[in-house]
Amino acid sequence: MTNVAVIGAQWGDEGKGKVVDWLASRADVVVRYQGGHNAGHTLVVGKETYKLSLLPSGLVRGKLGVIGNGVVIDPEALLSEIARVQAQGLSVTPETLRIADNAVLILPMHGALDRAREGARGDRKIGTTGRGIGPAYEDKVARRAIRVADLAEPETLDAKLDELLRHHNTLLASLGAPIFEKAAVLARLLELAPSILQYAEPVWERLDGLRKGGKRILFEGAQAVMLDVDHGTYPYVTSSNTVAATAASGAGIGPQAVGFVLGIAKAYTTRVGSGPFPSELHDDIGKGLGARGHEFGTVTGRPRRCGWFDAAMVRQAVKVGGIQGLALTKLDVLDGLAELKICTGYRIRGELVSHLPAAPGAQAAAEPIYETMEGWSGSSRGAKSWADLPAQAVKYVRRIEELTEAPVTLVSTSPERDDTIMVRDPFQD
Ligand code: IMP
């Protein structure tokens, strides 16, 4: 028995919510370790649909949820998400939710700066969620961030806000955006402090105890490898490391505790925001995938860009992300297509290349090299075993395994939790 880390293998929105929910029902604790409320996980449980951004998905299954130090926490967003799911009948208490006392806070000036900078970028926009993720991580690395534990020390808050506002107000003013008054920010933080502090603790200590007690830990990644700040399509990425190694540093646990790394990949590709997307489809097939796959962002509602499965990109994600098995989602969205294409590499300025290079000009110039496969006329929707799948759909999955150099350990065939083909139980690895 091992722990499991779940990470996205493309550009996010791979359907991690369903897989995490399914695994969470068999875990003892679910840990978020990077990102913030830029993430969006939709969980369908019976008649209720839960939309989670910051809360670990395991809470829906009554499991302990932990928000690790690697997460950037907007206290307003956290408290309103807690209130929203509580109104849906979910129990969120200091017994079921623990938050790292050394996690960094997202404050109102972070969102303001994020949006003002995007506005100033014109057609070079990153397409951020506008939630202040980048500016909050910048403050963490610059050693001026306000952290959860600071909420217990009004004098620390006061002093840190001086430095923080000197920095942010200068930037905001230069972008023509309104600046922030210290007294108002401080008063609001002190007002929110007790509601947040009731969940705070050194979570690394609790995780150490749980691990020694043989409990199963599920590490719930947000975003995806191709949005990783080092390994993704920089600068069109998020501001955290999304590879599985981050589960260790972002939770305060050793790398050996991370366990089996499950990568989630959609049976085709989508992306929100700007940036390179070699296998993007601008035709009716792309529109059809978007319509059948309900491809709209959970957080922003933006329509997602759609394209063919990019095996070269997923192979890269498998290698840098440490992915040991793939969960393939939304296979049913491909039902009825006469022909399918898989991107196996790129042609960049006349040269054949097997991976997305680091330079943005080369990324933008990457033209996909496709392999074409016959589609299937039968339905894969709701399949629970290989035998339920059309023969061509099985061939498609097998080809993905070969090209990505990763075994497919799960296939999801509908949004319903039980419509899943389990090849191998990741916890038993
Ligand atoms: P940020 O994380 O808000 O700074 O946005 C940076 C990039 O990451 C943008 O392209 C966003 O669309 C993308 N992004 C952030 N979170 C998610 C997510 O949960 N799913 C998909 N894309 C995301």
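The legends below describe close-up views of a predicted model.

View 1. Ten strands build an open sheet with mixed pairing, in the order S9-S7-S5-S2-S10-S1-S11-S15-S19-S20. At its edges stand strand S9 (200-201) and strand S20 (420-422), each of which pairs on one side only.

**View 2. Pairing of strands S2 and S5.** Strands of a sheet pair through backbone hydrogen bonds, in either the parallel or the antiparallel sense. Strand S2 (residues 29-32) pairs with strand S5 (residues 64-67) in the parallel sense, over four bridges, and Gly65 in S5 is the bridge partner of Val30.

**View 3. Helices H1 and H7 lying across strands of the sheet.** Helix H1 (residues 16-24) lies across several strands, including strand S1 (4-8), S2, strand S10 (217-220) and strand S11 (260-266), and runs at about 170° to S1. Helix H7 (residues 203-212), for its part, lies across S2, S5, strand S7 (97-100), S9 and S10, running at about 135° to S5.

**View 4. The crossing of helices H5 and H6.** The axes of helix H5 (residues 154-174) and helix H6 (residues 182-197) come within 10 Å and cross at roughly 140°, which makes H5 oblique to H6, and the crossing is right-handed.

**View 5. Residues at the contact of H5 with H6.** From H5, the residues Pro154, Leu157, Asp158, Leu161, Asp162 and Leu165 meet Lys182, Val185, Leu186, Leu189 and Leu190 of H6. Sorted by class, this contact of H5 with H6 comprises eight nonpolar and three charged residues, with no polar residues.

Technical notes. Residues numbered from 1 in each chain as written. Predicted model: local features only at pLDDT ≥ 70, side-chain atom pairs only at ≥ 80, totals over all residues. Heavy atoms only, no water. Pairing = 2+ DSSP bridges. Helix = DSSP H or I, 4+ residues; strand = E, 2+ residues; numbered from the N terminus. Contact = heavy atoms within 4.5 Å. Axes fitted to C-alpha atoms, helices over the stretch in contact; angles between N-to-C directions. Parallel < 35°, antiparallel > 145°, perpendicular 65-115°, else oblique. Left-handed = near helix turned anticlockwise from the far one by under 90°. Nonpolar A, V, L, I, M, F, W, Y, C, P; charged D, E, K, R; others polar.
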